[in-house]
Amino acid sequence: MTDAVRLTSVAKNYGAVRAVDGVDLSIARGQTVALLGPNGAGKSTTISMILGLLTPTAGTVEVFGTSPADAVRAGRVGAMLQESGFPASATVRELVELARSLYRDPLPLAEIMATADVASIADRRSDKLSGGQSQRLRFAFALAGNPELLILDEPTAALDVESRQQFWAAMRRYAATGRTVLFATHYLEEADDFADRVIVIARGRVVADGSGTEIKKLAGGRTVSFDLTGQDPDAYADLPGVVSAQARGERVLLRCDDSDVTVRALFEGGHRVTNLEVTGAGLEEAFLTLTATPEMEPAR
Ligand code: ADP
């Protein structure tokens, strides 16, 4: 069976900005995949190319073995993009009916309302919805055509914790029916909680690709630092637990996947270590580490 999505050497420039820089990836049918990366990483641009809204500068994008435009035209793709508006005077039910009317073979109204969890607000006007309710209505729109592939661009941005949970519960019901879901996020926890597979993108490139657990392990690394007093940072690169070693200002910085082992090795090896500090790498830091490590090849 052809993949749901396949990108081959895809690049996209906006003038001098290279937003997507040579992405290869394939998503099998039935997977729920997170596209995880910091702001500006190229997630929205990638998604827009998969939806046929942007044309790649180089490379090819296939959706179910055809062009994105053909797949969208055939009703096989549903999308929930950031910040789409609704006519204010219409109710939730009317809007979902409207969305259904756009497709030849839509999902039954009741099924959409139940899956997107909007049945209880069916008679509410769209301008009276909370942020979370609006997002569930957008989700209902994306579901209306019964798409095989659902694409969500940062669907829970700006939602509170409870709305987030309700949203993901709704998304899960859809994914459980065997559909393919691709969502963009900059929250590692969200990617880990809801995706079977996490593709990390930074500076327009895929820098890691694996299960949530694998990506968390990569992102959960720590930095061990101490004063640079004439040593060559490279001398520490081969210590156990060290991923990379560098000098920054007056400090030696060791990025570690097991800092306990590294610290033990530093002391047991009789290294001169002053002002030792061990800090957790934040996600942003972890992304940069991943981007800066060319040997970290995508797992698939
Ligand atoms: P993300 O969705 O991960 O936040 P984007 O795909 O929106 O990332 O952006 C990737 C890069 O491309 C960023 O550097 C952004 O500033 C730039 N960019 C996005 N859209 C445009 C545009 N229309 N014109 C120029 N630059 C853009």
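Biologist: How do the residues of the shell around the ligand divide into nonpolar, polar and charged?

Modeller: The shell around the ligand divides into 5 nonpolar, 5 polar and 1 charged residues, where Ala, Val, Leu, Ile, Met, Phe, Trp, Tyr, Cys and Pro count as nonpolar, Asp, Glu, Lys and Arg as charged, and the others, Gly among them, as polar. This is a predicted model, in which local features need pLDDT of at least 70 and side-chain atom pairs count only at pLDDT 80 or more, while totals for chains, interfaces and linings use all residues. Residues are numbered from 1 along each chain as its sequence is written, and side-chain values use heavy atoms, with hydrogens and water left out.

The residues that surround the ligand are Tyr-14, Val-17, Ala-19, Pro-38, Asn-39, Gly-40, Ala-41, Gly-42, Lys-43, Ser-44 and Thr-45, a residue being counted as near if one of its heavy atoms lies within 4 Å of the molecule. In terms of DSSP runs (helices are H or I with at least four residues, strands are E with at least two, both numbered from the N terminus), strand 2 (17-27) and helix 1 (43-50) each supply at least two residues of this shell, and helix 1 gives the most, with 3 residues.

Turning to individual atoms, a backbone N or O atom of Gly-40 lies 2.7 Å from an oxygen atom of the ligand, and for a backbone N or O atom of Ser-44 the distance to a ligand oxygen atom is likewise 2.7 Å. Ala-41 also places a backbone N or O atom 3.1 Å from an oxygen atom of the ligand. Of the 560 Å² of accessible area that the ligand has on its own, the protein covers 59%, with areas taken from the Shrake-Rupley method with a 1.4 Å probe.

Note on methods:
Polar contact = N/O pair within 3.5 Å; in protein donor to acceptor, adjacent residues only side chain to side chain.
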